[in-house]
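Here are a few notes to get you started with this one. Have a look at the structure first, then read on.

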Amino acid sequence: MSTKHRQASDTLLHGEFGVYPSKGIRYALSLTQTGLHIQRLVPKPEDDQRTVLPITDMVGCHTLRSRGTNDIFAYFSIYSYPMKKKKVAMGSTRTRQRLVRTFKVDEASEYEQNQSIAEKWATAIKCLIQEVQISSDMEITPDLQPKARRLLLLLNPCGGRGNALQQCHTHILPIITEADISYNLVQTERANHARELVQTINLEEWDGIVVISGDGLLFEVINGLMERPDWEDAIKMPIGILPCGSGNALAGAINYNAGFEQAMGSELLLNCILLLCRGTVMPMDLVSVTTCSGTRSFSFLSVAWGFISDVDIESEKYRHMGSARFTVGTMVRVASLRTYRGRLSYLPVLDAHRPICRSITLSPNGSLAPLQRSQLHRTISDMGLCEERNIMFERSTAVLDTGELPSFETSPSPGSPTALHTSQFTFDSVPNALSEPDRMLPNDVGCPTHSHVNGPKDDLLPPLDQPLPKSWVTVEGDFVLVLGIYQSHLGADLFTAPFSYFDDGLIHLFFVKAGISRTALVRLFLAMEKGTHIGMECPYLVHVPVRAFRLEPLTKKGILTVDGERVEYGPIQAQVHQRLGNLITGSGRVSLTSF
Ligand SMILES: Nc1ncnc2c1ncn2[C@@H]1O[C@H](COP(=O)(O)OP(=O)(O)OP(=O)(O)O)[C@@H](O)[C@H]1O
């Protein structure tokens with residue numbers, strides 16, 4: 001047996017307990033790294049019917065005492081949300097349902113001793129939920145217990161179908177309370193409220209900022225943090241999302257990263273709440289985007305032009321439909337398919353090596369300042385209240401087959417001395433994108449004058465009005481869409497870049513060339529639901545992993561979006577900044593360090 005397997009099956013704790021409410025039933029419990037094994041002893045032992053509660057379905061564990069002062073027993077309750085079959089009109093479906101198991105510790109003749117056993121079990125279970133390392137040769141003592149986390153929850157009452165507050169009261173607050181998470185909940189009152197709020201908060205008061213909304217509110221939070229004078233510290237604040245918007249792309253990516261099946265609506269929300277309770281934090285790339293007026297913003301999801309941004313913005317009027325608004329918007333736009341002329345330049349990445357991703361665990365840093373709450377409006381909080389409860393995918397190697405479309409030209413950037421012949425172009429013909437000469441010298445860096453200049457320098461980008469380095473590739477022609485995406489999902493059910501992960505340091509640049517039929521385009525989008533669109537080898541779809549790109553629209557009117565929000569139309573450029581932020585993912589592929 002491998003060390004890993006042995007560790008997973010090693011028994012950390014074992015004991016025999018009664019239950020609450022007491023029915024004369026007794027169980028033998030064994031706690032391992034992956035689950036709680038429950039076996040009935042009395043009235044009738046079940047040899048072959050062990051129940052296992054997986055740790056990944058648990059959110060918390062509390063110790064309890066009976067109201068009767070003469071009761072010498074102690075209790076511990078485990079809160080979990082396993083998948084269960086549920087009957088619906090057309091058969092059955094699987095959804096997460098709340099399951100609370102309460103065990104009675106009755107081994108000792110004094111309450112204090114029973115309480116100490118209950119506390120030991122609660123500590124071990126909480127450690128496992130939050131991925132705090134414990135082993136069978138360790139003494140489980142209360143000081144191992146992860147400290148209660150404090151989250152700033154920002155809720156957009158207008159996001160998606162407008163039911164975020166209801167979801168909050170029905171699902172979110174009850175579950176995070178079971179996970180011992182303290183919170184301040186703020187409802188945003190207008191656009192940019194969250195952006196302004198995070199500029200003024202005391203970072204030391206919080207272990208994370210979580211938006212209860214769609215992706216738009218998270219964009220505000222990231223940019224608000226970057227606008228602070230202490231942006232370098234501020235952007236390291238773990239950020240999270242509980243999906244209550246229309247698109248919910250980042251939540252889709254978090255759900256996928258955790259190995260859950262693709263989900264929508266309440267099911268996706270429940271998965272994300274569970275992951276938030278676990279609290280693992282991973283570094284996340286952010287992309288600096290500069291528009292024609294020189295405004296620079298930090299994006300976590302995508303830059304889109306053409307079909308995708310048109311659907312996103314034009315479907316705003318169907319907001320009441322929730323995510324179905326994109327299906328309706330897609331049909332409308334397919335019916336009157338447009339093409340846009342433009343010049344797309346990019347700095348490709350040639351090495352297909354996947355860097356090891358690092359995962360860290362969200363926990364207080366132990367040096368938190370005394371609570372001095374800032375004045376928050378429309379806030380509800382549980383703080384101050386005291387309760388006695390104690391795949392690796394193959395990277396696409398798409399090659400631009402320019403023979404398909406005479407209207408496209410591929411060439412090195414304007415100003416480059418050597419012009420590559422169009423029909424000879426493959427990624428291999430381009431020098432390694434990461435070579436130092438491609439980086440701008442500090443004096444050359446020209447973030448043009450813009451509203452704020454915080455953030456790392458865009459050392460791969462010259463100012464928008466200046467020529468690009470010779471190692472860049474330029475494609476000019478008619479596009480149906482251009483999309484730079486850095487998450488696996490473009491919507492909860494749009495598995496657009498299956499090979500992407502949070503800190504791969506890549507922008508996945510996709511474009512669809514003009515000439516594609518309506519049927520082929522619809523087929524592409526349908527396949528995207530399962531992420532099989534890339535395997536379709538559609539000659540009009542091109543995917544290139546890049547570090548930076550510049551898009552110059554040549555068609556006068558159009559829509560450009562950054563993270564689904566409309567930005568000014570005109571030339572736009574972007575560069576990825578690897579691991580600039582921290583995202584609460586609740587699970588990590590490789591766990592190397594924790595804080
Ligand atoms: N109280 C409010 N009233 C009106 N607009 C708001 C309010 N709070 C935030 N906003 C704005 O609403 C925009 C959209 O919000 P959000 O992203 O949460 O929902 P969505 O657009 O439905 O979801 P998604 O981005 O996943 O498609 C945000 O950009 C934000 O600026």
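**Notes on a first look**

1. Start with the record: UniProt, in an unreviewed entry, places the feature "domain: DAGKc" at residues 146–293. Keep in mind that the model you are looking at is predicted.

2. Next, a helix pair. Helix 7 (residues 249–257) packs against helix 8 (residues 265–278) at an angle of about 65 degrees, and their axes are 10 Å apart. The crossing of helix 7 past helix 8 is left-handed.

3. Which residues make that contact? From helix 7 come Ala251, Gly252, Ile254 and Asn255, while helix 8 brings Leu268, Asn271, Cys272 and Leu275. Sorted by class, the contact of helix 7 with helix 8 has 5 nonpolar and 3 polar residues, with no charged ones.

4. Now move along to strand 17, which spans residues 340–348. Is strand 17 mostly covered or mostly open? Mostly covered: 7 of its 9 residues are buried.

5. Strand 17 has pairing partners to look at. With strand 21 (residues 473–485) strand 17 runs antiparallel, joined by 7 bridges. To find the spot by eye, take tyrosine 340, whose bridge partner in strand 21 is phenylalanine 479.

6. Strand 17 also pairs with strand 23 (residues 541–553), in the antiparallel sense and over 7 bridges. Here the handy landmark is leucine 344, which stands opposite leucine 551 of strand 23.

Methods: Residues are numbered from 1 along each chain as its sequence is written. This is a predicted model: local features need pLDDT of at least 70, side-chain atom pairs count only at pLDDT 80 or more; totals for chains, interfaces and linings use all residues. Side-chain values use heavy atoms; hydrogens and water are left out. Buried means under 20% relative accessible area, exposed over 50%, partly exposed in between (1.4 Å probe, protein chains only). Helices (H or I, at least four residues) and strands (E, at least two) are DSSP runs, numbered from the N terminus. Two strands pair if DSSP finds at least two bridges between them. UniProt positions are given in the numbering used here, feature names are shortened, and annotations may be inferred rather than shown by experiment. Axes are lines fitted to C-alpha atoms, for helices over the stretch in contact, and angles run from 0 to 180 degrees between N-to-C directions. A crossing is left-handed if the near helix is turned anticlockwise from the far one by less than a right angle, and right-handed if clockwise. Contact means heavy atoms within 4.5 Å. Ala, Val, Leu, Ile, Met, Phe, Trp, Tyr, Cys and Pro count as nonpolar, Asp, Glu, Lys and Arg as charged, and the others, Gly among them, as polar.
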